Amino acid sequence: MNIGRLYVLGGQQRGARPMSGGLDWYEYERGLILEVDPVSGSVERRLAYESPPGSRVAEDPVVLFKSASLVGDTLYACTQTELLLYRVPDFTPVGYISLPRFNDVHHVRPSANDGLLVAISGLDQVVELERDGTVRREWAVIEGEGPWDRFDPTIDYRLVRTTKPHHAHPNNVFQLGDEVWATRFEQRDAVSLTRPGRRIAIDLERPHDGLVHDGRVWFTTVNGKVVVADAASLEVVERSEEHTSELQSR
């Protein structure tokens, strides 16, 4: 099977940091995009990125790429406080959005009606945007809450280092037809934002990423497992470490 090249997004740390003792390990100074040839194993740095002043905290900002989406020839990427769209394979910038509500943005993907769905972990929100950044729809991911019940819409949250602890920490958005869904890290589930009450339980561990494929939703968890749910029944049909090696071989 020819799977072409892979794009790996992440960040470069300021220096060696311990993996324990607070948030020190999370000190990233720039976002990185690497291109990997899965056949030869060669790796090429395609992009190094630093968020501009005004879109991040002034002192020791955390800059890295979070979860992205590749649709056609467009890579939808996000930093903590920005959305960046690139045309691949040449990485020509084709879009940029940074809004005051962006704090700990975790995922961006195009919506079914040509908007942008964004998981904003820092505000426990998901928003759908127009391509110019206008907010089309917004949701709080905690049942019974409005998007601004616990937050102040007059604050520029890009300039706030952290809003933790988060009540839900939504970190992935996806659609089943026109229905908008988000994973919730703390609740170990995925919930429908447009049809409240519909839920996929991911009880094995806290979820981080998801992929809809061939009638199933594949979730990764932070302990390296894969949970597979049926998109029609919303029931988990498999929970197995075996899928980790299966996905790596595709």
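**Close-up views of a predicted model**

**View of S98 and its polar partners.** The side chains of S98 and R158 make a polar contact of 3.0 Å. The model shown here and in the other views is predicted. S98 sits in the loop that runs between β7 and β8. A polar atom of the S98 side chain also lies 2.9 Å from the backbone oxygen of T81. Is S98 buried or exposed? S98 counts as buried because its relative accessibility is 17%, and the limit for buried is under 20%. When neighbours within four places in sequence are left aside, the residues in contact with S98 are S55, T81, E82 and R158.

**View of P100 in the loop between β7 and β8.** P100 is placed in the loop that joins β7, residues 92-97, to β8. The relative accessible area of P100 is 38%, so this residue is partly exposed. Which residues does P100 contact, apart from its neighbours within four places in sequence? The contacts of P100 are I155, D156, Y157 and R158. R158 is also the residue whose side chain makes a polar contact with the side chain of S98.

**View of E128 in strand β10.** E128 belongs to strand β10. With a relative accessible area of 0%, E128 is buried. Which side chain does the side chain of E128 meet in a polar contact of 2.8 Å? That partner is the side chain of S111. The side chains of E128 and R137 are joined by a polar contact of 2.7 Å. Setting aside neighbours within four places in sequence, the contacts of E128 include N113, G115, L116 and L117. T134, V135, R136 and W139 are also among the contacts of E128.

**View of the largest nonpolar core.** The largest nonpolar core has 17 residues. The members that touch the most other members are L83, I97, F102, V108, L116, V118 and L129. Two or more residues of this core come from each of β5 (74-78), β6 (83-87), β8 (105-110), β9 (116-120) and β10 (125-129). Which element gives the most to this core? It is β9, with three residues. In soluble globular proteins, nonpolar side chains tend to be buried together. L129 can be followed in detail: leaving out residues up to four places away in sequence, L129 touches L83, I97, L99, F102 and G115, among others. L116, V118, T134, V135 and R136 are also among the residues that L129 touches.

**View of the sheet that runs from β12 to β15.** Four strands form an open sheet in the order β12-β13-β14-β15, and their pairing is antiparallel. Which strands lie at the edges? The edge strands are β12 (170-176) and β15 (199-201), each of which pairs on one side only. Neighbouring strands of this sheet are turned against each other by 20° on average, with direction ignored. Strands of a sheet pair through backbone hydrogen bonds, either parallel or antiparallel. How many bridges join β12 to β13? Six bridges connect β12 with β13, residues 179-184, and these two strands run antiparallel. N172 has T183 of β13 as its bridge partner.

**View of the aromatic pairs around F174.** The structure holds six aromatic pairs. Why is the pair of F174 and W181 called stacked? The ring centres of F174 and W181 are 5.9 Å apart and their planes meet at 15°, so the pair is stacked; planes under 30 degrees apart count as stacked. F174 is buried, with a relative accessible area of 3%, and W181 is also buried, at 0% relative accessibility. F174 forms another aromatic pair with F219, which is edge-to-face, with 5.9 Å from centre to centre and 65° between the planes. This pair links distant parts of the chain, as F174 is in strand β12 and F219 in strand β17 (residues 216-221), 45 residues apart. F219 counts as buried, at 0% relative accessibility.

**View of an aromatic cluster.** Y7, Y86 and F91 are linked into a cluster by ring pairs. A pair of aromatic rings is described by the distance of the centres and the angle of the planes.

Key. Residues are numbered from 1 along each chain as its sequence is written. This is a predicted model: local features need pLDDT of at least 70, side-chain atom pairs count only at pLDDT 80 or more; totals for chains, interfaces and linings use all residues. Side-chain values use heavy atoms; hydrogens and water are left out. Two strands pair if DSSP finds at least two bridges between them. Axes are lines fitted to C-alpha atoms, for helices over the stretch in contact, and angles run from 0 to 180 degrees between N-to-C directions. Rings of Phe, Tyr and Trp (its six-membered ring) pair if their centres lie within 6.5 Å; planes under 30 degrees apart count as stacked, over 60 as edge-to-face and the rest as tilted. Buried means under 20% relative accessible area, exposed over 50%, partly exposed in between (1.4 Å probe, protein chains only). A nonpolar core is a set of buried Ala, Val, Leu, Ile, Met, Phe, Trp, Tyr and Cys residues joined through side-chain atoms within 4.5 Å. Contact means heavy atoms within 4.5 Å. A polar contact is a pair of N or O atoms within 3.5 Å; within protein, one must be able to donate a hydrogen and the other to accept it, and residues adjacent in sequence count only if both atoms are side-chain atoms.
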